[in-house]
Amino acid sequence: MASRRFDYIVVGGGSSGCVVASRLVAEHNARVLLVEAGPHRLSPILAMPAGYMKFLARDTYLTMHHVLPQEQLGGRAPIVPQAKVLGGGSAVNAMVYIRGQTEDYDGWDEALGGAGWSYRDLLPYFIRQEGNDHLGAPYHGVDGPLKVSHLGQHSAMSRAFMQAMQERGVPYTADFNGARQNGVGFMQHTIDWATRRRCSAVDAFLRPVLLHSNLTVLTETTVTRIRLEKGRAIGVDIVGPSGSETLFADVEVILAAGTYMTPKLLMLSGIGPAGELSRHGITVTVDLPGVGQNLQDHHEVPIVAMTSGAFGYFGQDRGLAMLRNGLQYMLFKTGAVTTTGVEACAFIDPEGGARPTIQLYCVPTVYLDRDVSGVEPTHGVTLNPCLLRPKARGSVRLASADPSALPLVDPQFFGDADDLRLTIAGLRYAREVLSTKPVRDMVRHEIFPGPMMESDADLANHCRRTVKTNYHPVGTCRMGREADPLAVVTPDLAVRGIRGLRIVDASIMPTITSGNTNAPVLAIADRAVDIITGQNRMLREPVAAPPNRASSIPEQVHPT
Ligand SMILES: Cc1cc2nc3c(=O)[nH]c(=O)nc-3n(C[C@H](O)[C@H](O)[C@H](O)COP(=O)(O)OP(=O)(O)OC[C@H]3O[C@@H](n4cnc5c(N)ncnc54)[C@H](O)[C@@H]3O)c2cc1C
């Protein structure tokens with residue numbers, strides 16, 4: 001049988017993989033193979049804004065990774081899931097659309113010597129992708145394929161939270177992705193306002209080209225190794241429903257398997273820290289010590305209060321209420337199903353600095369991770385201070401040379417004392433919000449950790465016991481300059497020491513962005529296509545704007 005050949009093989013059909021594969025096909029007429037380990041079809045419930053919550057604790061569309069017991073958490077091993085479905089994180093996530101802070105990207109660009117990764121460089125990609133339902137120039141796109149909107153319903157508690165924050169002097173912002181991130185407001189979501197359905201990377205990018213003759217999509221198919229020959233990536237080994245096969249890429253192999261799986265694949269293929277590879281009997285092709293290092297993830301700790309009434313969504317997903325809500329959604333596209341349940345947040349620094357260090361989420365119900373026991377679900381509110389730029393660095397290592405084995409994840413939550421200190425400051429701040437009008441009038445009492453837990457030591461224990469991921473792992477194949485010993489890819493996203501191999505997913509971020517990571521990943525992937533094809537048409541050029549919009553990029557965005 002003749003071997004199957006493509007121009008590009010994209011490994012991983014998640015947020016970044018869908019963007020890259022579809023753009024290469026649609027705009028460059030390339031022959032592209034997209035390989036995704038998870039299924040193509042997913043439950044229609046996931047298209048509903050409230051639907052993702054049903055799947056958060058299940059492994060239907062998520063890989064629950066092996067986490068090493070965390071010494072600094074008393075041996076606890078928090079759960080860290082990753083998507084496993086066509087669309088990846090964008091198909092299962094909470095749909096929050098936040099780009100981060102200007103300083104995040106400008107910091108990358110500075111460290112990379114001005115290689116085109118500043119916010120100013122990326123803004124045209126954000127704008128081109130976006131089809132915002134009510135925000136426009138100069139920060140937003142209105143006619144892009146990625147539908148972005150506010151939620152269809154906001155609970156009484158979310159609104160009270162916003163008022164309490166303003167009472168505390170935090171300004172209201174109508175747009176966390178606009179001129180400034182600081183403040184309190186309702187979050188934007190990747191939801192199509194017209195249909196009130198999730199807009200995943202499949203919906204926005206892949207579906208329009210699914211029938212294109214140049215695109216081949218293999219789902220439930222896992223890439224087990226990258227084939228290397230004479231210093232070049234020439235293809236991949238796959239295992240799928242019809243067995244094993246080697247497929248060939250004439251131009252490039254592009255890795256988009258995500259922060260946990262991309263470094264695993266590199267290491268299985270002989271690219272990574274020599275000691276780690278040798279330990280598993282893998283022949284070292286390129287000794288790249290940074291592969292799997294530099295893991296960063298947002299993490300949060302809850303403070304929970306019982307409320308005196310139904311100001312949120314407790315009970316809305318069961319029994320008669322569920323039937324009523326489902327019917328209302330199907331008939332009118334309104335009601336509780338049109339919210340993701342997490343509507344408002346604030347970007348603040350509880351220690352008084354100008355640049356936000358914490359994203360304080362308001363969850364208008366009692367919400368805890370499944371490994372935290374002892375708190376019964378009830379009418380309540382959970383405030384989660386989430387670190388925007390944790391200092392601790394974790395890692396991803398191989399468990400074995402067996403491609404079917406999950407990697408070992410060491411997230412190192414609170415591995416740096418400053419992260420714990422800042423989270424405790426965030427908890428104290430959240431406690432003050434609970435006692436600020438009008439939230440104060442709705443809260444009965446704090447139930448977790450409880451008002452008796454006041455000292456730093458008590459709150460530190462609470463942090464260790466309850467810290468959970470915000471699902472934003474990045475950084476394990478970081479981009480860097482030649483002189484950076486831990487850089488895995490160049491500023492052009494090429495894997496060092498190997499030709500024809502690039503990485504386009506969340507793993508390339510040198511440092512985590514200050515906010516939810518899906519929007520940044522989608523923009524990075526779009527920029528990657530320009531780099532791969534050598535057509536950097538948007539770099540430092542005016543935004544290609546429709547006639548009725550301004551075409552200049554503002555010099556300064558998110559000033560702090
Ligand atoms: C539960 C959850 C909630 C989240 N909520 C939000 C949110 O509200 N807002 C936000 O901005 N971000 C959110 N995120 C994060 C966001 O979705 C991710 O940052 C983003 O999806 C990362 O994109 P990626 O392309 O790097 O990886 P992914 O989207 O994870 O895609 C990687 C894909 O590669 C596939 N794959 C892995 N290994 C292989 C292999 N060997 N062969 C073939 N395929 C492979 C996986 O199955 C997966 O589909 C959430 C994530 C999760 C998991």
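I take buried to mean under 20% relative accessible area, exposed to mean over 50%, and partly exposed to mean in between, with a 1.4 Å probe and protein chains only.

**Basis.** I worked from a predicted model, in which local features need pLDDT of at least 70, side-chain atom pairs count only at pLDDT 80 or more, and totals for chains, interfaces and linings use all residues. Residues are numbered from 1 along each chain as its sequence is written, and side-chain values use heavy atoms, with hydrogens and water left out.

**Glu 229.** I located Glu 229 in strand β14; strands are DSSP runs of E with at least two residues, helices are runs of H or I with at least four, and both are numbered from the N terminus. I then compared Glu 229 with Val 284: they stand 55 residues apart in sequence, and their C-alpha atoms are 13 Å apart in space.

**Ligand shell.** I counted 35 residues around the ligand, the closest being Ser 15, Ser 16, Glu 36, Thr 517 and Asn 518; a residue is near a molecule if one of its heavy atoms lies within 4 Å of it. I sorted the shell into 16 nonpolar, 16 polar and three charged residues. Here Ala, Val, Leu, Ile, Met, Phe, Trp, Tyr, Cys and Pro count as nonpolar, Asp, Glu, Lys and Arg as charged, and the others, Gly among them, as polar.

I looked for pairs of N or O atoms within 3.5 Å. An oxygen atom of the ligand lies 3.2 Å from a backbone N or O atom of Val 85. For Met 95, a backbone N or O atom is 3.1 Å from an oxygen atom of the ligand. A polar backbone atom of Ala 94 lies 3.2 Å from a nitrogen atom of the ligand. I noted next that the protein covers 95% of the 1,000 Å² of accessible area that the ligand has on its own, by the Shrake-Rupley method with a 1.4 Å probe. Elements giving two or more residues to the shell include α1 (15–28), β14 (222–229) and α13 (518–533). The largest share, three residues, comes from α7.

**Cysteines.** I searched the whole structure for disulfides and found zero, taking a disulfide as a pair of cysteine sulfur atoms within 2.5 Å. Cys 199 cannot pair because its sulfur is 11 Å from the closest cysteine sulfur, in Cys 18, too far for a bond. I also recorded Cys 199 as buried, at 5% relative accessible area. The sulfur of Cys 345 has its closest cysteine sulfur in Cys 386, 9.6 Å away and too far for a bond. Cys 345 is buried too, at 0% relative accessibility.

Note on methods: A polar contact is a pair of N or O atoms within 3.5 Å; within protein, one must be able to donate a hydrogen and the other to accept it, and residues adjacent in sequence count only if both atoms are side-chain atoms.
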